[in-house]
Amino acid sequence: MAGVTWKNFYFRLFEGSIRSPQVVQFLKHLLRHIKGRVLVIWDGLRSHRSRLVNQFVTSTTGRLQLEFLPAYAPELNPVEYLWGYWKQHELPNFCPKDFSELSYHARRALRRMRRRPTLVTAFWKQAELF
């Protein structure tokens, strides 16, 4: 799971499908690293709209606000460009033996990408084209 700001991005890797508890864990991660109010704009994934996530957002007393992208509009989501770049340029043809090997190499690649602010800006510019 990832979130992109204007100049940086935050990520958490989870084994298996992303469900409501992982979404809440990621939102807590964001709130620890980003000061002040946080606006999250995301797609309509079922776990994004779950009761558990809504309860957590309510518990932040306005610090966390959610907005949803239109249905079937991945081209508007800069995170989709982050994952696309990551798969095509950082880990092409990589076939890990298990999740721990994938996690190790994925984290290293994502940290390399994070040190390139022009790359992060490009994810936003790509989404703006649509």
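Colleague: In which loop of this predicted model is N77 found, and is N77 buried or exposed?

Modeller: In this predicted model, N77 is found in the loop that runs between strand 4 and helix 3. Its relative accessible area is 9%, and buried means under 20%, so N77 is classed as buried.

Colleague: Leaving aside its neighbours within four places in sequence, which residues is N77 in contact with, and by what distance are the C-alpha atoms of N77 and W42 separated?

Modeller: Once the neighbours within four places in sequence are set aside, N77 is in contact with L69 and A127. As for W42, that residue is 35 residues apart from N77 along the chain, and the C-alpha atoms of N77 and W42 are separated by 7.3 Å.

Colleague: A71 has its place in the loop between strand 4 and helix 3; is A71 buried or exposed?

Modeller: The place of A71 is in the loop between strand 4 and helix 3, and the C-alpha atoms of A71 and S47, which are 24 residues apart along the chain, are separated by 15 Å. The relative accessibility of A71 is 62%, and the cut-off for this class is over 50%, so A71 counts as exposed.

Colleague: Which backbone atoms does the side chain of T60 reach?

Modeller: T60 lies in the loop between helix 2 (51-59) and strand 4 (64-68), and because its relative accessibility is 12%, T60 counts as buried. The side chain of T60 reaches one backbone atom at 2.6 Å, namely the oxygen of V57, and it reaches another at 3.3 Å, namely the backbone nitrogen of L64.

Colleague: How many aromatic pairs does a search of the whole structure find, and what kind of pair do F9 and F11 form?

Modeller: A search of the whole structure finds four aromatic pairs. The ring centres of F9 and F11 are 6.2 Å apart and the planes of these rings lie at 40°. Planes under 30 degrees apart would count as stacked and planes over 60 as edge-to-face, so the pair of F9 and F11 is tilted.

Colleague: Which parts of the chain does the pair of W42 and F68 link, and which residue has its charged end over the ring of F68?

Modeller: W42 and F68 form a tilted aromatic pair, at 6.3 Å centre to centre and with 40° between the planes. The pair links distant parts of the chain, since W42 is in strand 3 (residues 38-42) and F68 is in strand 4, 26 residues apart. W42 is buried at 6% relative accessible area, whereas F68, at 31%, counts as partly exposed. The charged end sitting over the ring of F68, 4.0 Å from its centre, belongs to R49.

Colleague: Why are the buried residues of helix 4 said to be on the same side, and what covers them?

Modeller: The buried residues in helix 4 are S103, A106, A109, L110 and M113. They cover an arc of only 140° around the axis, and therefore they lie on the same side of helix 4. What covers these buried residues includes strand 2 (9-11), helix 3 and helix 5 (117-128).

Notes:
Residues are numbered from 1 along each chain as its sequence is written. This is a predicted model: local features need pLDDT of at least 70, side-chain atom pairs count only at pLDDT 80 or more; totals for chains, interfaces and linings use all residues. Side-chain values use heavy atoms; hydrogens and water are left out. Helices (H or I, at least four residues) and strands (E, at least two) are DSSP runs, numbered from the N terminus. Buried means under 20% relative accessible area, exposed over 50%, partly exposed in between (1.4 Å probe, protein chains only). A polar contact is a pair of N or O atoms within 3.5 Å; within protein, one must be able to donate a hydrogen and the other to accept it, and residues adjacent in sequence count only if both atoms are side-chain atoms. The arc is that of the directions from the helix axis to the C-beta atoms. Contact means heavy atoms within 4.5 Å. Rings of Phe, Tyr and Trp (its six-membered ring) pair if their centres lie within 6.5 Å; planes under 30 degrees apart count as stacked, over 60 as edge-to-face and the rest as tilted. A charge sits over a ring if NZ of Lys or CZ of Arg is within 6 Å of the ring centre and within 35 degrees of the ring normal.
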